[in-house]
Amino acid sequence: MAQAQNRTISGTVTDQESDEPLPGVNVILQGTTIGTVTDIDGNYQLEISGDNPVLLFSYVGYITQEIPVDARTNINVGLSQDITQLNEVVVVGYGTQIKRNLTGNIAQVDGKDIENIPTTSIENTLQGRTAGVFIQQGSGKPGQAIKMRVRGSSSITASNQPLFVVDGIPITSENQGITNNEPTNPLADINFNDVESIEVLKDASAAAIYGSRAANGVVIITTKSGRSGKTQFNVDYSLGYSEPSNKRDWLNGEQYNELFDEAYNNSKEDFGFEPAEFFGLSNLEELKDAAIPGWRDNNNTDWQDEAFRTGRINQLNVSASGGDDKTRFYFGGSFTDQEGILIGNDFNRLSGRLNLDHKVSDRFSFSSNFNLVRTQLDRVANDNAFATPLQLVALPPVQPKIDPETGRLNTNTVYYNGLIQHRDATANTVIYRTLANAQGNFKITNNLLFTSKFGLDLLNQIEDNYQGRETQDGAPAGQGEFRSVRVVNYTVDNYLTYTPVISETNTLEVVAGLSYQQSDRILGSIQARGFPSDAFKKIASAAEAEAFTSLGSRFSYTSVFARANMQFFDKLLVSLSGRVDGSSRFGEDNRYGFFPAVSAGWIVTQEPFLGGSNLVSFLKLRASYGLTGNSEIGNFDALGLYQGTSYGGLSGTRPISVPSPDLKWETTRQIDIGIDFGLFDDRITGEIDYYLKKTDDLLLDVNVPATSGFGVVTQNIGKLENEGFEFVLNTQNLTGPLSWSTSLNLAYNTNVITDLEGQIITSGINRAEEGYPIGVFYMVKYAGVNPETGDAMFELGDGSGELTNDYSAAMEQHVGSPFPDWIGGMTNTLSYKGFELSFLFQFVTGNQIFNDAGSFQTSGFDFFDNQTADQLDRWQQPGDVTDVPEVRFLGGNGVDNSTRYLYDGDYLRLRTMTLAYELPDRWLTPLSLRNVRVYLTGQNLLTFTGYEGWDPEVNFDGTNPANQTNNIRGGRDFYTAPQPRSLIFGVKFGF
């Protein structure tokens, strides 16, 4: 028999829909280990032999094709995308994987799902869409920092925010704002309409490739890129409005006078003398004349309405993409203008992006991404200041907004009239941000690719604040402040990717490389007083400088990383990864840490005993274990620092911190066991995961003796755990002309501190203590009202079950957690003949919220503040059954911190809802339009909650810088703005 003759087969592999060449496609001679991969242009060449040869073409995210060779020598193939969820392409660190072959836990959100959501920050768009990811907005103020927790909080003092990576480059995500206001959010600079996909790396196997900064999870944001073909333009314009999602009921003028007089007379009876005597006055009327001028004039001012407004929303997005076989491009331009629901609170962003990909030769290609952003945030004062709009509600409704004698804003109110702040003060923050990277790829062989990448995140933030001469802080001649921050954050990555052709069912991918990151921060500020008039607002016009400072800081990482993904017999999956990180933040002997991970998966449906099942179309078992680290502390916490100072006109130095030379990495060990499944030909797919995270060597700020002259030193002390379950279910309920799909995610997490070496760390009513979650609430338990006396009652807390009206006799107890037990969301999408309805419900349950303002808002007139309307239900006579104590002016009846002001934070919210219509092609062809979509989108349309404040989605951090960085203080509300309820109408068309 004659031996089959060798011959060479060549051709090109493209995307069947776009006709774009596909690089990296595996081309294998069936039944052998002979194979190759396509080059950057999708071309391949393979020498084969044998009788009746068949070529297999396989590529991540595409359906594998088997092509008989017959007598041909040139075979061009168009591959179709595999649109099932199990074959989606998922971005991982330094590469991509098909979801079917993942052994770690990664949540993915498609960029199309978050387009046109009326919010300013990309984290908001993820709420309710990703299992195990808890996102909490600080308030309804646009541009404010947002807390994001992936599988719970893993640290007490160090940051719990995940690492954010944009197009492969770690970016600056920490607050750069002034410390006497709530933190700002650098992620608000990202235009999420430029985003292709977002991946959240949750378990150690997925995140360990990022090593020392992955303990809190990693969020990978990939922006859009161009495709070969005719240039396509898209224009998207939307406009709408927003209003408070909730308003509270307050006493009107008549009710205020009634209750205040009643409270005064109750205290007069208790004291045995006129309470007015505390103020050097003789009776009730004299007191009201002195403290509440205008009360006699039948005023009925709704101060809450003065704080809120209906805000406008305008957004324009323009994009263009296209190219040819050599060069592809994507351009995106965006303008967002959003008025907040509080007076004086505005946000606007102008963004431009250009992403380029160019093929120089068969072996060399490069790409570059460039994003230039200008963000402006007009801020209001922090929630703890009388100048902030919502503290207007503390003003009595019997006082007028306008002084009838002067015709100007009333300056004779009980507290500072915040409307004067709105009129005469400015707090303007402008950010110029450049996010850029350049990447070169050189194919050493068909199986070995070298990648070199340089990334830059340049952030310039300028804050220009002015307090007019009639404001509380600017009197008598005006006060100004100018502050400038520059952060230069750059990254250099060099790595190799090796993908040998083994066989059609056995694959290997190895990635190994080096990385270096450095971030430099320079800050300067000056505060001055004494301006000629309020028309002069720049520092140069001030008479004298009150305070000034400047500082410079730097941190850097040097790293080595590697990962190997292996597949055996198309059913057994193994992944190994590791990273060695060196950080400038730690002591010389502990600067380097090693963070390995291992994971494995078994695709059970590839086994003969389940492969033919009509019920189970996909089943994968997976498990992972690994170490990740946390180094998010101060840049010099390991060092003993000195600072230049002056004394008596002479310069000198003084120590400002205690050295901690043994400081090392905070390490989290995580195990994850999961199941991925598909039923009924993947009409139903889902994931079930159990995880256990144990964090050791906590980076903890430890108090030192006051006699040392210092406050705290950072040391490695303590342990904590997070344990939980996650459940994801995706269903195609109906297919055909009427389609209906549902996506549900649920997550349960428990957090507990297991070791603090006996320490108890407090932050007011929150504390960190062994055996309890971070930030557990610790306070006296409120027990209602004594029906005979009207006294507020409290549990003694000694186990006797006895009650007391003596607050000081009651013991404090552990009463709740600021962190939820369960979080989740459900999205439903229905479509029919061009119409589409999509809505997302998001929920949180198991957490508590403490209303810090309760002792002012529901105090029973302990002072002059206006009260919530529920105070009308107060106790008035023996036998009354109510939970509102008798009102007593200056009487302190139940106003101390207790569970009276602690509420369940559970809520169910209709987070987003969109109704859209896609115009049919027959209408568009004569107009040379590719597509037209009109839509109506609402956000926060409905909220179901038992919380009695403005909004259950709050987290007031205060203005103490320590509160903005530690994780103990949580679940607090203090005159905090609710989330906006927004409605926008938009049209999107392409040509």
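Start by selecting R151, K202, K620, R622, D672, D676, D689 and E726: these residues are linked in a network of salt bridges. A salt bridge here is a side-chain nitrogen of Lys or Arg within 4 Å of a carboxyl oxygen of Asp or Glu. Side chains of opposite charge can pair when their charged atoms come close. By this rule, the count comes to 52 salt bridges.

Before you go on, a word about what is on your screen: this is a predicted model, in which local features need pLDDT of at least 70 and side-chain atom pairs count only at pLDDT 80 or more, while totals for chains, interfaces and linings use all residues. Residues are numbered from 1 along each chain as its sequence is written, and side-chain values use heavy atoms, with hydrogens and water left out.

**The whole chain**

Now zoom out and show the protein chain as a cartoon. You will find eight helices and 52 strands; helices (H or I, at least four residues) and strands (E, at least two) are DSSP runs, numbered from the N terminus. The C-alpha trace spans about 125 × 70 × 65 Å along its principal axes.

How much of the protein chain is made up of buried residues? They make up 54% of the 991 residues, where buried means under 20% relative accessible area, exposed over 50%, and partly exposed in between (1.4 Å probe, protein chains only).

**First stop: E115 and K224**

Select E115 and K224, whose side chains meet in a salt bridge (3.2 Å, N to O). This pair links distant parts of the chain, 109 residues apart: E115 sits in the loop between β10 (106-110) and β11 (133-137), and K224 in the loop between β16 (218-223) and β17 (229-244). E115 is buried, at a relative accessible area of 18%, and K224 is buried too, at 17%.

**Second stop: D464 and K538**

Next, pick D464 and K538, which form a salt bridge with their closest N and O atoms 2.4 Å apart. D464 lies in strand β23 (residues 448-467) and K538 in the loop between β25 (507-529) and β26 (544-568), so the pair ties together parts that are 74 residues apart in sequence. Are these two partners buried or exposed? D464 is buried, with a relative accessible area of 18%, whereas K538 counts as exposed at 51%.

Move along to R909 and D951, where a salt bridge joins the side chains (2.8 Å, N to O). R909 is in strand β49 (residues 907-918) and D951 in the loop between β50 (931-945) and β51 (972-973), distant parts of the chain that are 42 residues apart. R909 counts as buried at 1% relative accessibility, and D951 is buried at 0%.

**Last stop: N437**

Finally, select N437 in strand β22 (residues 425-445). N437 is buried, with a relative accessible area of 10%. Which residues does N437 touch, not counting those up to four places away in sequence? Show D167, I169, S367, S368, N369, F454 and G455 to see them; contact means heavy atoms within 4.5 Å. Across the protein chain, residues 24 or more positions apart account for 69% of the contacts with a separation of 6 or more.
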